[in-house]
Amino acid sequence: MIELKNFEITGAGSFHLKADELQIKSGLFIQISGNNNSGKSLLLKCLAGLYHNYNGELLYNGVPEKPGHYSVILINDFTAVLPEKSVKYNLYLPFARTTKRKKKLLEEMLKDCGLDKCLDRKMKTLSRSEIKILELIRAIIQQPHFLLIDDFDTYFDNFSLENLTKTFDHAAKAGTAIVITTRKKFEGITNSYTINSGEIHKL
Amino acid sequence: MKLRYLLQILIILVLLIVDDGIYNLRQYSQEELNFRAEQVYLEIEEKPAILIVTEEQSERISDDIGNLYFVNKVSKQNKSEIIDILSRQYHLDEANSLLDELNLPAVLEIQFKGAAFRETESSLFWQATEKEEGIFQIIYTDENYLDDWSKLDKLLEYSGLIENYWQWIYWGLAILLLLIVLLFRISYENRQVRYWQVYRRSGGKPGLSRIFKILNSIFLVFIPLAIAMGVEYFLWVNHTFGYMPDFRFHIIRSAALLTVSLLSLILIRRESYD
């Protein structure tokens, strides 16, 4: 579990982001919505250990966060694929070796998302949304402690969300907590937070 | 990318073999020239100067001449030895007693040191003999040695030329080799930056890129160095090549290349995960 206590980021100009208490428990699906420049992406970078210029505490299982304490994958506007390589190559990229179980799970998830036929295609021939789904599947298969998806609604809509339900179920079963940030709120997500006037509120 | 890596290894290997060739060619040339020079020195040593001196002064003259730095040996044939030679050569056994009464001179045979005896030393020899009293005759002429000195001059000239050019070519190639290793490493890793960014952001093991960079730095020079040394050793074992590999040279060269290859890591662009 990640916990933010008296968390505060003060940026340039009037930028300000504050969270008195925010808990991200394993296996949960959490949505954080807010307008542009509300600090959603910066918050995810803090959780991913890419930004440290904040006040307050970021605790992992009650202990202050340290690099390598927990595994986290951040999916954001950075396209984490090699466009000239095949889908298969990109999917297996982070693995030193792949077990049969993982392979089977991967095939299953690809089938659920309708991408099982594109394994041999070059990554550059896929749409941006398809690439993000593959990044998502590749992340889930690694069973990280936390999966952070920035600007979720840029790549996925309600229809995609429904298609990805099974995929997210795999993550939940493995105990991966998923945190997404969106501009507009997705309905039906129980753990929702919103950033309003620089403060994170639970809905 | 693998092809690029192999090509880099191949280019470094070719340069190392050329480097080895230059190093060994110089060694071979100098040894060959030294061998030829040694032969000329022997020729000089086989041409002694002869001094015919009075028996009384012979010991002193022999000592004075023998102390000159370019003189190897002074052999003296005294009266009794000369009588012995004459009586044997001309069958004068019965005249031995008569010869004994004669006042015969002594003969000094002066053998020069081949490596130290040149035109200057010849003048010094003349000066030394002029000072001495009791010398009847000097059987010696510079002309006897002119050919040898001329040969030595040429050999020294060639040796100097080889040494000078070798220094320039060898060190030039060494610097080129170091620069090429540096350039290859930087270029290769800068091309890999995107790969490692994607690898890391896709959830790959943190720190693996650093391990690979260090391993690549080592293997890029270690593989061609090992092959070059292996080839040289193989040729020596099979008597195709006359020289045993100079391990000190190989170790120094390997250390220099490895250091440059590892130092290149400082100049490689850092991946940004942000």
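Within helix H1 of chain B, the buried residues are Gln8(B), Ile12(B), Leu16(B), Asp20(B), Tyr23(B), Val40(B) and Ile44(B). The model is a predicted one, and in it these buried residues pack against several other elements of chain B: strand S3 (106–112), H6, helix H7 (208–237) and helix H8 (247–267).

Helix H6 of chain B, one of the partners of H1, runs over residues 143–201 and includes Asp147(B). The C-alpha atom of Asp147(B) is separated by 9.4 Å from that of Val40(B), although the two residues are 107 residues apart along the chain. Val40(B) is buried. Asp147(B), by contrast, has 11 other C-beta atoms within 10 Å and is therefore exposed, the cut-off for which is 12 or fewer.

Turning to the nonpolar cores, the largest holds 51 residues, of which Leu47(A), Ile137(A), Phe146(A), Leu147(A), Leu148(A) and Val179(A) touch the most other members. Helix H4 of chain A (residues 128–141) gives this core its largest share, 7 residues. Around Leu47(A), once neighbours within four places in sequence are left aside, the contacts are Ile2(A), Val72(A), Phe146(A), Leu148(A) and Val179(A). Another core, of 17 residues, lies apart from the largest one and has Ala49(B), Ala106(B), Ile110(B) and Tyr145(B) among its members. In soluble globular proteins, nonpolar side chains tend to be buried together.

Conventions. Residues numbered from 1 in each chain as written. Chains lettered and ligands numbered in written order. Predicted model: local features only at pLDDT ≥ 70, side-chain atom pairs only at ≥ 80, totals over all residues. Helix = DSSP H or I, 4+ residues; strand = E, 2+ residues; numbered from the N terminus. Buried ≥ 20, exposed ≤ 12 C-beta atoms within 10 Å, placed from the backbone. Contact = placed C-beta atoms within 7 Å. Core = buried A, V, L, I, M, F, W, Y, C linked by C-beta atoms within 7 Å.
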